[in-house]
Amino acid sequence: MTSRIPFTLQQLDHVVLRVSDMPRALGFYCGVLGCVEERRVAQFGLVQLRAGGSLIDLVDIALPLGQMGGRGPETEGRNMDHFALCITPFDADALRAHLAAHGIAHGAIEQRYGAQCVGPSIYINDPDGNMVELKGPPATNS
């Protein structure tokens, strides 16, 4: 017996990351990636950042909400592999120069499959070691 799902998934709404140093995390997500702070709930240690049509929520692991998840991010035993942010344009030279100017190490630019099909992407790490994929638009055949 198959049941019908009563909804249709639309897009990723938000990702919640537990961070060990909120100012450092904000410097990365706002200063390097261009997110904009949208909302702050100080009593929970929560800062919500606008990332296009989605949110990236940062939770301070030193405060009660962040402590609910147990120990903070470590080199081993992560609970997330990576998340991907769509970017446009994907100018490889400009992107490499921007990351270098901020001291951000990166992987190779490769064609990878994503929600919009195959296109260029590059992996970087945030200050807490969370892997972030910057994903360009689909490759064109022209």
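This is a predicted model: local features need pLDDT of at least 70, side-chain atom pairs count only at pLDDT 80 or more; totals for chains, interfaces and linings use all residues.
Two residues are in contact when heavy atoms lie within 4.5 Å. Residues are numbered from 1 along each chain as its sequence is written, and side-chain values use heavy atoms, with hydrogens and water left out.

In the protein chain, 47% of the contacts with a separation of 6 or more join residues 24 or more positions apart. The chain holds three helices and eight strands. These are DSSP runs, numbered from the N terminus (helices: H or I, at least four residues; strands: E, at least two). Their order along the sequence is β-α-β-β-β-α-β-α-β-β-β.

Of the 142 residues, 32% are buried. Buried means under 20% relative accessible area, with a 1.4 Å probe and protein chains only. The chain exposes about 9100 Å², an area from the Shrake-Rupley method with a 1.4 Å probe. Carbon and sulfur atoms supply 55% of that area.

Nonpolar side chains tend to be buried together in soluble globular proteins. A nonpolar core is a set of buried Ala, Val, Leu, Ile, Met, Phe, Trp, Tyr and Cys residues joined through side-chain atoms within 4.5 Å. The largest such core has 24 residues. Leu17, Tyr29, Ile56, Leu58, Phe83 and Val132 have the most contacts inside it. Elements giving two or more residues to this core include strand S1 (14-19), helix H1 (22-32), strand S4 (54-60) and strand S8 (131-135). H1 provides the largest share, six residues.

Tyr29 also has partners beyond its neighbours within four places in sequence; among them are Leu17, Ile56, Leu58, Phe83 and Val132. Both Phe28 and Tyr29 are buried.

One aromatic pair is found in the whole structure. The ring centres of Phe28 and Tyr29 are 4.9 Å apart and the planes stand at 90°, so the pair is edge-to-face. Rings of Phe, Tyr and Trp (its six-membered ring) pair if their centres lie within 6.5 Å, and planes over 60 degrees apart count as edge-to-face.

The largest pocket is lined by 30 residues. A pocket is an open set of points on a 1 Å grid over the protein atoms alone, with protein on both sides within 12 Å along at least five of seven lines; lining residues have an atom within 4 Å of a point. Ala51, Ala84, Leu85, Cys86 and Ile87 lie nearest its centre. S5 gives the largest share of the lining, four residues.

Notes:
Buried means under 20% relative accessible area, exposed over 50%, partly exposed in between (1.4 Å probe, protein chains only). Rings of Phe, Tyr and Trp (its six-membered ring) pair if their centres lie within 6.5 Å; planes under 30 degrees apart count as stacked, over 60 as edge-to-face and the rest as tilted. On a 1 Å grid over the protein atoms alone, a cavity is a set of points where a 1.4 Å probe fits but cannot get out, and a pocket is an open set with protein on both sides within 12 Å along at least five of seven lines; lining residues have an atom within 4 Å of a point.
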